[in-house]
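Here are my notes for your first read-through. Keep the sequence and the 3D view side by side as you go.

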Amino acid sequence: MDIIHYEGNGFYIYDENKEILARLEYKRNDNVLIFDHTVVSDKLKGQGIAQKLLDEAVDYARKNNFKVHPVCSYVVKKFETGKYDDIKVLKKIWLLQFFVIVIFTFYKSLFLFSFFKFSPYSCFD
């Protein structure tokens, strides 16, 4: 069974009638791949297909220097083993980036208000 990769979408396995039998889908955000959906049809259950899809996706991420943010419950569980720590996005980093943006935006707005001696309430004076 061949695993087909559609760049920016995911990894798929089809049957001879072009029906999707299994898939691991992702979204790309800069250098982060968000693994958000894994499905294996009943025809292939119990054959380790989800793991094969994950292995293929992880190989792709490693070869292309991507980090992975696991969202799909199957991938989250697999990432808890520590086997994928080298490519896992740390939640602390995402949270830190968020707070830096919020703080920067807050101070930037304070600076603009003080520089122009403008208050959001001045239009009501």
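1. Start with the largest nonpolar core. This is a predicted model, and in it that core has 25 residues. Phe35 and Leu54 have the most contacts inside the core. Nonpolar side chains tend to be buried together in soluble globular proteins.

2. Which elements supply the core? At least two residues come from each of β2 (10-14), β3 (20-29), β4 (32-40), α1 (49-63) and α2 (73-79). The biggest share is from α1, which gives eight residues.

3. Now look at Leu54. Leaving aside residues up to four places away in sequence, Leu54 touches Leu24, Phe35, Tyr74, Val75, Lys78, Phe79 and Tyr84.

4. Find Val32 next. Val32 sits in strand β4. Is Val32 buried or exposed? Val32 counts as buried because its relative accessibility is 9%, and the cut-off for buried is under 20%. Val32 is 37 residues from His69 in sequence, yet their C-alpha atoms are 6.8 Å apart in space.

5. Step back to the whole chain. The chain has three helices and five strands. Along the sequence, their order is β-β-β-β-α-β-α-α.

6. Finish with the totals. The chain has 125 residues, and 29% of them are buried.

Technical notes:
Residues are numbered from 1 along each chain as its sequence is written. This is a predicted model: local features need pLDDT of at least 70, side-chain atom pairs count only at pLDDT 80 or more; totals for chains, interfaces and linings use all residues. Side-chain values use heavy atoms; hydrogens and water are left out. A nonpolar core is a set of buried Ala, Val, Leu, Ile, Met, Phe, Trp, Tyr and Cys residues joined through side-chain atoms within 4.5 Å. Buried means under 20% relative accessible area, exposed over 50%, partly exposed in between (1.4 Å probe, protein chains only). Helices (H or I, at least four residues) and strands (E, at least two) are DSSP runs, numbered from the N terminus. Contact means heavy atoms within 4.5 Å.
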